[in-house]
Amino acid sequence: MSGEMAFVSCTVNSVTQEFHVRPEEMLIDVLRDRLALTGTKLSCDLGACGACTVLLDGKPVSSCATFAWQTDGMNVRTVEGLAAANGALDPVQQAFIENSAFQCGYCTPGMIMLARALLDRDPSPDRETIRVWMGANICRCTGYEMIIEAVEKAALIPLETGK
Amino acid sequence: MRSGDTAGTLINLSALPTLCGIEDRGDFIRVGALATHWDVETSPLLATRLAAFQAAWTTIGNVRIRMTGTVGGNLMAAERAYDGPVLLGVIGAKLIFLTDAGEISLPALSAHQDYPDRALLTAIDIPVSMTARLSFDRSLKPVVSVAVGLDGGVVSVGVGCAHTTPFFWLGRIDDMEDALSAALPDPIDNPMGGAAYRRRMVGVLSRRLVDRLRRGDAS
């Protein structure tokens with residue numbers, strides 16, 4: 001690419017999206033400004049804090065550090081795409097609410113997406129695995145204990161409810 | 001990029017599958033430049049043949065970074081706080097570049113001083129040795145990080161973060177403390193860490209890592 005627009009076709013929350021992007025355009029800007037998916041938050045803008053975490057083919061990535069053209073042919077999942085079609089919250093979302101795993105809430109969408117990626121890989125992680133995995137994202141309110149406990153609880157919800 | 005920077009040309013290297021993968025080449029393991037940190041962390045081949053290297057490399061970044069960041073990117077970013085050059089340097093890895101004149105191989109411990117022009121890093125060759133051992137301490141990052149390789153009586157020390165580029169010292173283990181101290185250039189002196197403190201910690205960490213290797217502890 002050399003200055004020209006790149007054509008991208010991807011799915012975002014199971015909906016096919018096609019658009020032209022500038023080479024330097026970042027995924028978070030496409031999500032927030034073009035698709036109005038403002039649940040994904042911009043914070044450090046360096047790929048360090050994880051507030052902008054989305055899933056790219058199931059992997060947690062920093063959308064502020066991912067070029068939009070890198071999503072071509074891939075599946076993007078944001079926090080808006082977690083709830084079931086009937087509106088039922090994802091177990092991670094439900095557990096975060098029940099555990100009050102947020103204060104200001106700004107890091108919460110990224111934390112939830114990071115936790116979802118973990119549980120998709122390891123449905124029954126132990127506390128140390130959760131602690132290390134969730135250490136990728138930063139909570140400025142420092143509510144880490146409640147976040148870790150919420151992920152532990154989320155891992156149990158499918159077993160309890162069969163959702 | 002979001003602040004308005006633009007790139008004259010962007011090339012999507014991920015379309016080159018030959019740069020991916022981790023292969024057994026007998027007396028060395030070839031790691032493709034586009035292998036992610038996660039690929040290194042989860043490679044059964046590395047777990048079997050270069051377990052200490054794999055354990056050390058797994059301390060880089062966090063899961064979100066490791067799933068996206070690549071070994072080649074870690075090297076070519078040339079950030080002084082990055083651990084890749086330090087780790088690869090002390091274990092005698094070689095960087096494979098594709099250039100206009102063909103493929104060239106450069107030692108990891110010196111390649112960072114002068115990366116070749118018009119070249120593409122394609123792979124990293126890591127020697128497999130039955131006797132070489134590796135230990136790494138990044139607990140004082142971003143002030144200083146130290147990696148130590150030990151093979152018989154020969155020790156190699158790699159120092160990251162403390163200078164603008166990684167520093168390496170190779171010598172006999174019996175001479176290490178004095179010779180390393182004498183050879184170490186003046187470290188960076190800034191509010192994050194004074195030069196004297198960094199120098200002192202290089203000595204402490206390298207001695208601690210050598211002791212750990214002598215005891216047979218894993219990295």
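A:Asp57 lies in the loop between β3 (53–56) and β4 (59–62) of chain A. Strands (E, at least two residues) and helices (H or I, at least four) are DSSP runs, numbered from the N terminus. Although A:Asp57 is not a glycine, its phi is positive, at about 50°. The model is predicted: local features need pLDDT of at least 70, side-chain atom pairs count only at pLDDT 80 or more, and totals for chains, interfaces and linings use all residues. Residues are numbered from 1 along each chain as its sequence is written, chains are lettered from A and ligands numbered from 1 in the order in which they are written, and side-chain values use heavy atoms, with hydrogens and water left out.

Chain A is assigned domain 1 (6–81) and domain 2 (91–158). These bounds come from an automatic or database domain assignment. The centres of the two domains, taken over C-alpha atoms, are 21 Å apart. Domain 1 of chain A gives 17 residues to the contact and domain 2 of chain A gives 16. Contact means heavy atoms within 4.5 Å.

In chain B, a cis peptide bond joins B:Lys141 and B:Pro142, with omega of about 5°. B:Pro142 is in the loop between β6 and β7 of chain B.

Helices α8 (residues 176–183) and α9 (residues 195–215) of chain B pack at about 145°, with axes 10 Å apart. Axes are lines fitted to C-alpha atoms, for helices over the stretch in contact; angles run from 0 to 180 degrees between N-to-C directions. From α8(B), the contact takes B:Met176, B:Glu177, B:Leu180 and B:Ser181. From α9(B), it takes B:Arg199, B:Val202, B:Ser206, B:Arg207 and B:Val210. By class, this contact has four nonpolar, two polar and three charged residues. Ala, Val, Leu, Ile, Met, Phe, Trp, Tyr, Cys and Pro count as nonpolar, Asp, Glu, Lys and Arg as charged, and the others, Gly among them, as polar.

The second largest pocket holds about 500 Å³ of space. A pocket is an open set of points on a 1 Å grid over the protein atoms alone, with protein on both sides within 12 Å along at least five of seven lines; a cavity is a set where a 1.4 Å probe fits but cannot get out; lining residues have an atom within 4 Å of a point. Grid points are joined across faces, edges and corners, and a volume is the space filled by probe spheres set on the points. Of the 30 residues lining this pocket, B:Ile91, B:Ala132, B:Arg133, B:Leu134 and B:Leu150 lie nearest its centre. The lining has 19 nonpolar, seven polar and four charged residues.

One cavity reaches 30 Å³ or more. The largest cavity is lined by B:Leu75, B:Pro85, B:Leu95, B:Ala108, B:Ala111, B:His112 and B:Tyr115.
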